[in-house]
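My notes follow in the order I looked things up.

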Amino acid sequence: MYQLETNCIHGGYSPKNGESRQIPIIPSTTFKYESTEQMGRLFDLAESGYFYSRVGNPTCDHVAARITKLEGGAAGILTSSGQAAIFYAIVNLCKAGDHLICTNEVYGGTYNLIAVTLKKFGIESTFLSVNSTNDEIKKAIQPNTKLIYAETVSNPSLAILDIERFAKVAHENNLPLVIDNTFPTPINCQPIKYGADIVIHSATKYLDGHSSLICGVVIDSGKFNWECDKVRFAELCEPDESYHGLIYTKQFGNIAYLVKMIVQLMRDIGACNSANNAYMLGTHIESLPLRIKKHSDNALAVAKFLEGDKRIKSVNCPMLPSSKYYDLAKKYLPNGICGVISFELNANKEKTIKFLDSLKLISIATHVADAKSCALHPASHTHRQLSPVELKAAGVSEGLIRISVGIENENDIISDIKQALDIAFS
Ligand SMILES: *Cc1c(COP(=O)(O)O)cnc(C)c1O
């Protein structure tokens, strides 16, 4: 049993005598067998083994196993992107006519997927605040509800989820809690410890951390008992005719959910990742504990600087005692959160744009969670299509700036912000 830092380096891959020290890149679509019988058994799921990289690739599996170990899960897979991971996590349980509950405070792409695209597939949803009471959550649950979905720390609003409370309400109603743990990474929070059943990631963010690849992960805690409600989870507890009547919970026990995802969704939809991407991700994870600590420390230093400057109206960083999420952050994320913060300038749109355009070190980019600091102006960028009234409802003011604090020297980052404020307010 090693600690997180050690598992970031050694987790998911143990070379034997004479084998490569680094996770090997196996960029092969296919794998060879000696007999028809041998490969037939793989197709029947009677044996496990590689045959086609859409359904499984050794490099991808080593890296998925590394992240699964960090999260304390039972099994995991890499997907082509974070969006694909979310799609799989939901569609593995929901079909047309089903329903799910999602918190309001989620990534824009997640909101669109659930509210617009999945609705076209006949999957209904109810959105509620992370601050909802237990009764409000319970009232949203319907006989056809299959899961509750939320983010540990929401992108971009930085709301913190009371994971234990949501897990308790979910479990009392025979529902799994699915958590997007992208922002804190398993170094700063492991949602399974607090009752989450499925964890997903956009590995594109801090897990990679160098804006070099797009990748998602789905991790099964192995703890949810799908047979607690055989009608609700019939797809896991009833025979699958596409595999000669196989019953996932009978054959695969506590990892039934993840196996079903591989053999149905990877087989049919094919949002897999590549061995080359997986290799790079696995290598970048080796330094994750050092990076995420520096991101959190730098973000807190920047937040404190901003809070002390009278040109700044407000700072949103749950690591500051002034945040309404401070107590939850202390409980679930005692070592820090991540590098993303936002703040509001005491300024109109023109001045705010002048500030952004005057930054030298910090680049203007839509990305977050990169080693390089970057910033954007939601009113001009991510929320550009909204009317002034809609912007107000979304909590996006003209002076709002989102910044993803990188791992450069903290004084260089603060000096850059300071000189840009001086120009904008001159
Ligand atoms: C970026 C992001 C996603 C989507 O991930 P991609 O890898 O870009 O598809 C999902 N959730 C959160 C919280 C994100 O930040």
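**Notebook: the sheet**

I began with an open sheet of five strands, in the order β8-β9-β12-β11-β10, with mixed pairing. I looked for its edges next. They are β8 (312–316) and β10 (363–364), and each pairs on one side only. The model I am reading is a predicted one.

I then followed β10 to its partner. It pairs with β11 (residues 374–376) in the parallel sense, over two bridges. Within this stretch I found serine 363 opposite cysteine 374, which belongs to β11. I noted for myself that strands of a sheet pair through backbone hydrogen bonds, either parallel or antiparallel.

**The helix on the sheet**

What packs on this sheet? Helix α13 (residues 288–307) does, and it touches β8 and β9 (340–345). I looked up the angle as well: the direction of α13 makes about 15° with that of β9.

Is serine 296 buried or exposed? Its relative accessibility is 2%, and buried means under 20%, so serine 296 counts as buried.

I listed what serine 296 touches, leaving aside its neighbours within four places in sequence. The contacts are Asn188, Met319, Gly336, Ile337 and Cys338. For isoleucine 337 I also have a distance. Its backbone nitrogen lies 3.5 Å from a polar side-chain atom of serine 296.

**Salt bridges**

I turned to charged pairs. Side chains of opposite charge can pair when their charged atoms come close. How many salt bridges does the structure hold? The count is 18. I looked at several of them.

Lysine 32 pairs with glutamate 34, with the closest N and O atoms 3.6 Å apart. Lysine 32 and glutamate 34 are both exposed.

Lysine 168 meets glutamate 172 at 3.1 Å, N to O. I checked where they sit. Both are in helix α7 (residues 163–172), and because they are four residues apart there, about one helical turn separates them. Lysine 168 has 53% relative accessibility, so I put it down as exposed. Glutamate 172 has 46%, so I put it down as partly exposed.

Aspartate 422 bridges to arginine 311, with the closest N and O atoms 2.7 Å apart. What does this pair tie together? Aspartate 422 lies in helix α17 (residues 410–424), while arginine 311 lies in the loop between α13 and β8, so the pair links parts that are 111 residues apart in sequence. I recorded aspartate 422 as partly exposed, because its relative accessible area is 37%.

**The whole protein**

I counted 17 helices and 12 strands in the protein. The C-alpha trace spans about 75 × 55 × 40 Å along its principal axes.

I compared its radius of gyration with that of a compact globule. For 426 residues such a globule would have a radius near 22 Å, and the protein has 22 Å, so the two agree. Of the 426 residues, 53% count as buried.

I finished with contacts. Among those between residues at least 6 apart in sequence, 73% join residues at least 24 apart.

Technical notes: Residues are numbered from 1 along each chain as its sequence is written. This is a predicted model: local features need pLDDT of at least 70, side-chain atom pairs count only at pLDDT 80 or more; totals for chains, interfaces and linings use all residues. Side-chain values use heavy atoms; hydrogens and water are left out. Two strands pair if DSSP finds at least two bridges between them. Contact means heavy atoms within 4.5 Å. Axes are lines fitted to C-alpha atoms, for helices over the stretch in contact, and angles run from 0 to 180 degrees between N-to-C directions. Buried means under 20% relative accessible area, exposed over 50%, partly exposed in between (1.4 Å probe, protein chains only). A polar contact is a pair of N or O atoms within 3.5 Å; within protein, one must be able to donate a hydrogen and the other to accept it, and residues adjacent in sequence count only if both atoms are side-chain atoms. A salt bridge is a side-chain nitrogen of Lys or Arg within 4 Å of a carboxyl oxygen of Asp or Glu. The radius of gyration is taken over C-alpha atoms; the globule rule is 2.2 Å times the number of residues to the power 0.38.
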